[in-house]
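Please keep the sequence and the coordinates open while reading.

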Amino acid sequence: QESLTGITDIDTLLIQMKQDVDQIASDFVEFDTCIETRVMDMIHSSKEHMEWLKNTAHSTSVIAQKASDHAEIFKQECTKLNEKCKKLDSFEAFLAQIQTKVALLETSADAL
């Protein structure tokens, strides 16, 4: 209560101050809970994102390994094909020699 001099009763001031402190405490608890909830949500989201990255990295690794394996198989098949081509080249050279000898024999036979 206000007195005639404008000074408020100390009990009223203490009650108002207690109400203000209680409101500040309530606001702080609400604010703290809000921050905690947001931090937990961020941690959960971060965990999910990290799990997704881990799974993506694993999938990429598996695909890369398969690609590497296929490249090695392709290289081996190319090596085999090159060996066959070399043998075929040798055989073609052999056939060319035989053809030359047959042509010489035909020429010799015609000359007889």
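## Basis of the description

Helices (H or I, at least four residues) and strands (E, at least two) are taken as DSSP runs and are numbered from the N terminus. The model is a predicted one, in which local features need pLDDT of at least 70 and side-chain atom pairs count only at pLDDT 80 or more, whereas totals for chains, interfaces and linings use all residues. Residues are numbered from 1 along each chain as its sequence is written, and side-chain values use heavy atoms, with hydrogens and water left out.

## Salt bridges along the helix

With a salt bridge defined as a side-chain nitrogen of Lys or Arg within 4 Å of a carboxyl oxygen of Asp or Glu, a search of the whole structure gives 3 salt bridges. One of them joins aspartate 22 to lysine 18, with 2.9 Å from N to O; both residues belong to helix α1, where they are 4 residues apart, about one turn of the helix. For exposure, the relative accessible area is used with a 1.4 Å probe and protein chains only: buried means under 20%, exposed over 50%, and partly exposed in between. Aspartate 22 is therefore partly exposed at 41%, while lysine 18, with 53%, is exposed.

Glutamate 77 pairs with lysine 80 in a salt bridge whose closest N and O atoms are 3.5 Å apart, and these two residues of helix α1 are 3 residues apart, about one turn of the helix. Glutamate 77 is partly exposed at 43% relative accessible area, and lysine 80 is likewise partly exposed, at 49%. A further salt bridge links glutamate 83 with lysine 86, the closest N and O atoms being 3.9 Å apart; here too both residues lie in helix α1, 3 residues apart. Glutamate 83 has a relative accessible area of 40% and is partly exposed, whereas lysine 86, at 51%, counts as exposed.

## Aromatic pair

Rings of Phe, Tyr and Trp (its six-membered ring) pair if their centres lie within 6.5 Å, and the pair is called stacked for planes under 30 degrees apart, edge-to-face for planes over 60 and tilted for the rest. By this rule the count is 1 aromatic pair. Phenylalanine 91 and phenylalanine 94 form this tilted pair, at 6.4 Å centre to centre and 35° between the planes. Both residues lie in helix α1, which spans residues 10–111, and they are 3 residues apart, about one turn of the helix. Phenylalanine 91 is partly exposed at 45% relative accessibility, and phenylalanine 94 is partly exposed at 44%.

## Cysteines

How many disulfides does the structure hold? The number is 0, where a disulfide is taken as a pair of cysteine sulfur atoms within 2.5 Å. The sulfur of cysteine 85 is 10 Å from the closest cysteine sulfur, in cysteine 78, which is too far for a bond. Cysteine 78 is partly exposed at 30% relative accessible area, and cysteine 85 is partly exposed at 37%.

Methionine 40 is found in helix α1, and at 48% relative accessible area methionine 40 is partly exposed.
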